[in-house]
Amino acid sequence: MKLGILGTGVIVQDVLSMINKIGIEKMVLLSTKRSEDRAKDLVEQYHLDGYYLDYEELLNSDVDTIYIGLPNYLHYEFGKKALEHHKHVIMEKPFTANTRELNELIKIAKENHLIMVEAVNIHHLPIFKKLKEEINRVGDIKIISFNYSQYSSRYDRFKQGIIENVFDYHKAGGALMDLNLYNLHGLVGLVGKPDKISYVANVERGIDTSGIVTLEYPSFKAICIGAKDCKAPLSLTIQGDLGAICMNKPLNSLDTFTFVDNKDQTITFGENMKEHRLYYEFVEFNRIINELDYETAEKMMETTKIVSEIIEEARKQAGIIFDNDKILA
């Protein structure tokens, strides 16, 4: 894989901190003129093969894959251009702002025999795979409850009327598109598509600063709580008639979980996660693209589509307006 990396922000720097371990053939950055000094520093620090200031120039180079680590509202535009230049795409979450954009990109990728994957590391973590193996210990599932709540420093500015990307409905912001997306991805990865969903949210200035998604399955219920306007202890549980699985870290950084049976007997499962939490997904992305493993990529995209549909329905119910959706309510 020859990789073009878009952006120089926090998530890109997180990726760069471990990506040299993966054996990618070539890596270059795309930066803006304003961030050129940072790009130069990153190229030197992480021994990259250079940087570009013009996207067209990068797309006309010999890179075969584009990783998009830009703000949410730019995903569709930059992803579409990459596909039109016959590049595979690794997209940060959320893949797009709405299902219309997602479906269009899927169509272009299929027509051009290109691979697209969403960079949600949960599904590739060794401990999450172990969780999928051990979930039957709880017996018949009754309730799943995932809570990922963190107070955002940007919320203080938001209350003062200073609107940054994460709280901007023009730019696909909100708690649902950020923290609660991890809960939903984990839930769908474990138990599949729900029959019905509902969303109640705290909406301020047109955006959900926190909210609760309730999901109905044939034999159990699930709730996913995401908040950027308040902090709470991280708590994730899968309850069944034989016991419960308990976790105290968000799924995207999970490294252990405990099963507690109905007699209070406990078993703790932990994977010795020696590598960075993003390492495992990029190892798999590299393999999928090098081997042109369309089957695995399509399975991963099916999860992305389900989560996108859940989020879109939830936003409709909350009356959240996005410019590129016109109005979803």
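Which residues do ring pairs link into a cluster? Y151, Y155, F158 and F167 are joined in this way, where rings of Phe, Tyr and Trp (its six-membered ring) pair if their centres lie within 6.5 Å.

## Basis

This is a predicted model, in which local features need pLDDT of at least 70 and side-chain atom pairs count only at pLDDT 80 or more, while totals for chains, interfaces and linings use all residues. Residues are numbered from 1 along each chain as its sequence is written, and side-chain values use heavy atoms, with hydrogens and water left out.

## Aromatic pairs

The structure holds eleven aromatic pairs. The rings of Y55 and F78 have centres 4.9 Å apart and planes at 40 degrees, so this pair is tilted (under 30 degrees counts as stacked, over 60 as edge-to-face and the rest as tilted). Because Y55 lies in helix α3 (residues 55–59) and F78 in helix α4 (residues 75–84), the pair ties together parts that are 23 residues apart in sequence; helices are DSSP runs (H or I, at least four residues), numbered from the N terminus.

F282 and F285 form an edge-to-face pair, at 5.3 Å centre to centre with 70 degrees between the planes, and both belong to helix α9 (residues 279–291), three residues apart. Both F282 and F285 are buried (under 20% relative accessible area, 1.4 Å probe, protein chains only).

## Charge over a ring

Within the cluster, F158 also has the charged end of R205 over its ring, 5.7 Å from the ring centre (CZ of Arg must be within 6 Å of the ring centre and within 35 degrees of the ring normal).

Methods: Helices (H or I, at least four residues) and strands (E, at least two) are DSSP runs, numbered from the N terminus. Buried means under 20% relative accessible area, exposed over 50%, partly exposed in between (1.4 Å probe, protein chains only).
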